[in-house]
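Hello,

Here is the structure for your files. My notes follow below it.

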Amino acid sequence: MACSTASLAATLLAFALLFQACLAGRRLTALVQEPAITMKYHKGALLSGRIAVNFIWYGNFSAPQRAVITDFVSSLSAAPAAGQPEPSVATWFRTARKYYASSKARFPALRVGSHVLDASYSLGKRLSDADLLKLAAKGSPSRAINVVLTADDVAVDGFCMSRCGTHGASPRSRSGRFAFVWVGNPATQCPGQCAWPFHQPVYGPQAAPLTPPNGDVGADGMVISLASMIVGTVTNPFGNGFYQEGSADAPLEAATACAGVYGKGAYPGYAGSLLVDQASGASFNANGAHGRKYLVPALVDPDTSSCATLG
């Protein structure tokens, strides 16, 4: 009996010590805070006024795919009365507006511009950065963001290996200067890299892929990349705007500094807490124009120096 009592006492003591250690561990974890993400303004020019977003569709895109992406851009500056329930794409984009508070520029008003269809692959199916700039030049020469979208059978230098999209600006000319964005369709080439979380990731923690809100892994993946690149264009159009200290050649910007974060509680392999459409089971975090639903990335909020999500 004494042996049994001693054993029970030892067990209770061990449990108490373990509980105390776990409690201490939780407390220590709670004290660990994510480091501040500071986006420094490098005093360069920013976009302002009315800016047309022109689309250059390179390769084969279906009409529904074009509509998903065009409606996303329409959603960026829509007024609350335009039928976007909260949380909305327009509210998400207003985080980018906060960056302009420390500059003299007026936040740009984006509008859907022209569409150029190049279904004949005029430059072939393997493109360089120089080719992307040539295609972007088919849009407006100034006061524009010319968006080049390449189909899933087009190879672009660096696509899938180091990038899902990019943004930049044309050289200065007499006719002006335009900003440009390129985004590729990852559906067949690299859905695990550029369409996550709508596809199983290639590396890292594995989790079941989410259902894309518009039913198209390629188009919904492109929206995520396009959202990141448009915010990068607005806040750092010419390479000397807002970005985190470090290499100016590959800066972390308002969206790319929060890569992989879409909802609260996100961690590697988990996109975070998201909304789910009851009818389709699709995951999303923002409502858009024409009843659309989208998944948009977290953005660095300059007021808090942290990644901000909707909801």
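Arg143 is partly exposed, at 46% relative accessibility; partly exposed lies between buried, under 20% relative accessible area, and exposed, over 50% (1.4 Å probe, protein chains only). Arg143 has a positive phi of about 50°, yet is not a glycine. It lies in the loop between α4 (129-136) and β5 (144-150). Helices (H or I, at least four residues) and strands (E, at least two) are DSSP runs, numbered from the N terminus.

This is a predicted model: local features need pLDDT of at least 70, side-chain atom pairs count only at pLDDT 80 or more, and totals for chains, interfaces and linings use all residues. Residues are numbered from 1 along each chain as its sequence is written, and side-chain values use heavy atoms, with hydrogens and water left out.

His290 also has a positive phi, about 55°, and is not a glycine. It sits in the loop between β12 (286-287) and β13 (293-294). His290 is exposed, with a relative accessible area of 66%.

Two cis peptide bonds to note. One runs from Glu86 to Pro87, omega near -5°. Pro87 is in the loop between α2 (63-76) and α3 (89-97). Another joins Trp196 and Pro197, omega about 10°.

Now the rings. There are 13 aromatic pairs (Phe, Tyr and Trp rings, the six-membered one for Trp, with centres within 6.5 Å; planes under 30 degrees apart are stacked, over 60 edge-to-face, the rest tilted). Trp57 and Phe61 pair edge-to-face, 5.2 Å centre to centre and 65° between the planes. Trp57 is buried at 1% relative accessibility. Phe61 is buried at 10%.

Best wishes
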